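Please find below a short note on the structure under review.

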Amino acid sequence: MKSLFYLLLLANLTFFLWEQFMHLEPANPESAGRTERQVDSIVLLKELPPPPVIVTKGSVAAAVEAAAQAAETPPVEPTPVQTESPLPAATSTPVEAPLQAETPLAAPAAPPTPPAVPEAPPVQSAPPAASTAKPVETREFCARLGPFDGEAEAKGVGRGIEGVSDAWVESRVRPAESGYWVLRPPAASLEEAKAVKRKLLERGAKEALILREGENANGVSLGFFRDRTRAENLLREYRAKGLDALEIRARRDGKTEYWLKVRAQADAAAWSASLERLRKQHPDLRVEERAGCGENGAGRN
């Protein structure tokens with residue numbers, strides 16, 4: 001390949017010299033005259049035409065000999081120029097980069113030390129204030145409430161008490177004054193009672209009735225009243241007429257009463273508030289509190 005290169009170079013050089021030799025113009029007097037005329041004028045060196053190349057047989061032989069010597073001399077390989085190439089693919093063989101000597105960098109100048117600032121003493125947080133609220137104390141309360149006219153009413157009252165854990169209703173029959181008689185006390189027999197009745201009517205009694213049953217049997221009634229005041233007024237009127245043996249007696253009937261017994265776990269304030277609310281709703285309510293609830297709970301006995 002190198003020999004072919006130099007042969008081509010030699011051929012080009014030979015062709016160039018031959019071309020120059022064939023185009024030489026013969027010297028004539030006209031060109032000499034022109035040259036002489038041009039000597040008088042000032043011409044710069046850069047304006048002058050290039051000197052003609054004279055080709056002779058000796059110059060051609062010297063050129064051929066120089067080309068032959070150049071072909072025999074081994075050419076000097078040019079130093080390959082390293083060009084930046086893209087990074088090799090992951091599958092290609094890694095190319096080791098030439099080691100470069102690391103130039104130590106100059107150490108940066110240390111910043112000026114700021115003046116020492118005295119540390120502030122740590123701020124101590126104030127201890128949490130002790131809670132002034134006292135814990136609510138819950139204890140057991142037992143009571144008996146009533147009387148009520150029915151069981152349903154008693155149970156409804158129990159639902160309005162704070163902290164009830166046990167409650168039940170008790171019923172009992174109690175003699176109750178259902179009215180008042182103005183009468184003559186009972187006689188020993190029915191015949192005697194009839195004789196007393198005739199005398200009372202003769203002496204101004206408006207009406208008279210012999211009682212046949214109960215504790216006042218064989219007594220003579222001059223009137224029956226639900227209100228005791230009206231019974232007292234009639235008694236004063238008859239005594240003014242001379243009927244001194246008269247008196248007022250109450251009629252007692254058996255009446256069923258319902259009482260609610262409760263057992264509650266609550267603090268004193270909640271318990272008192274519940275009872276106060278119930279008293280406002282039931283003005284005739286009686287509350288009988290007990291110190292102990294009994295072994296069976298809520299004061300059961």
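1. Basis of the remarks. This is a predicted model, in which local features need pLDDT of at least 70 and side-chain atom pairs pLDDT 80 or more, while totals for chains, interfaces and linings use all residues. Residues are numbered from 1 along each chain as its sequence is written, and side-chain values use heavy atoms, with hydrogens and water left out.

2. Positive patch. Lys194, Arg198, Lys199, Arg203 and Arg212 form a positive surface patch (residues with over 30% relative accessible area and no salt bridge, like charges being joined within 9 Å; a salt bridge places a side-chain nitrogen of Lys or Arg within 4 Å of a carboxyl oxygen of Asp or Glu). Of these residues, Arg198 belongs to helix α5, residues 190-202 (a DSSP run of H or I, at least four residues). Arg198 has a relative accessible area of 52% and is exposed (over 50%; buried is under 20%, partly exposed in between, with a 1.4 Å probe and protein chains only).

3. Aromatic pairs. The count is three (ring centres within 6.5 Å; planes under 30 degrees apart are stacked, over 60 edge-to-face, the rest tilted). Phe5 and Tyr6 are edge-to-face, because their ring centres lie 5.3 Å apart with planes at 75°. Phe5 is exposed at 54% relative accessibility, whereas Tyr6 is buried at 17%.

4. Pair between strands. Trp181 and Phe224 form a tilted pair, 5.4 Å centre to centre with 55° between the planes. Trp181 lies in strand β2 (residues 164-184) and Phe224 in strand β4 (residues 220-225), so the pair ties together parts 43 residues apart in sequence (strands are DSSP runs of E, at least two residues). Trp181 is buried at 14%; Phe224 is partly exposed at 30%.

Notes. Patches are made of residues with over 30% relative accessible area and no salt bridge: like charges are joined within 9 Å, nonpolar side chains (Val, Leu, Ile, Met, Phe, Trp, Tyr) within 5 Å. Accessible areas come from the Shrake-Rupley method with a 1.4 Å probe; for residues, only the protein chains shown count as cover. Lys and Arg count as positive and Asp and Glu as negative; His and the chain ends are not counted. The place of a charge is taken as NZ of Lys, CZ of Arg, CG of Asp or CD of Glu. Rings of Phe, Tyr and Trp (its six-membered ring) pair if their centres lie within 6.5 Å; planes under 30 degrees apart count as stacked, over 60 as edge-to-face and the rest as tilted.
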